[in-house]
Amino acid sequence: MCSSDLDEILYAVILFFKSLYFPEDVAIEIKILLHHDNAPARLLFLNEEQMREALERLRVKGLITIESFADLDQIKFNKRETWLQALEDYYKEKFGLE
């Protein structure tokens, strides 16, 4: 699996994680994505460097915004979509489905 595939899957996993544990939050701290009991980084066996690199690629794709200034270290979602919509988009793009 190439890193861009992992990025799209990671994005869906983060959205699923958010829907379970932080449904009302607009942003999620990166440390939570790394260290929570069921954190996406833990589930996908990503260390902090790998996670931050993937988040940066998601930022470049326009899916998230990373806020790392003052005492903020969090991501915000640029699209209002569910984890299921993110997976549907991934498969449509990967396999040319409509």
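Thirteen residues, counted as 13, line the largest pocket of this predicted model. Nearest its centre lie Lys18, Asp25, Lys79, Arg80 and Glu81. A pocket here is an open set of points on a 1 Å grid over the protein atoms alone, where a 1.4 Å probe fits, with protein on both sides within 12 Å along at least five of seven lines; lining residues have an atom within 4 Å of a point.

The largest pocket holds about 310 Å³ of space, a volume being the space filled by probe spheres set on the points. Its lining divides into five nonpolar, three polar and five charged residues. Asp, Glu, Lys and Arg count as charged; Ala, Val, Leu, Ile, Met, Phe, Trp, Tyr, Cys and Pro as nonpolar; the others, Gly among them, as polar. Helix H1 (residues 3-21) gives the largest share of this lining, three residues. Helices (H or I, at least four residues) and strands (E, at least two) are DSSP runs, numbered from the N terminus.

Now to the loops. Most residues other than glycine have a negative phi. Phenylalanine 45 has a positive phi of about 55°. Its place is the loop between helix H3 (40-43) and helix H4 (48-60).

Alanine 70 is exposed, with a relative accessible area of 81%.

Residues are numbered from 1 along each chain as its sequence is written. Local features need pLDDT of at least 70, side-chain atom pairs count only at pLDDT 80 or more, totals for chains, interfaces and linings use all residues, and side-chain values use heavy atoms, without hydrogens and water.

Key
Buried means under 20% relative accessible area, exposed over 50%, partly exposed in between (1.4 Å probe, protein chains only).
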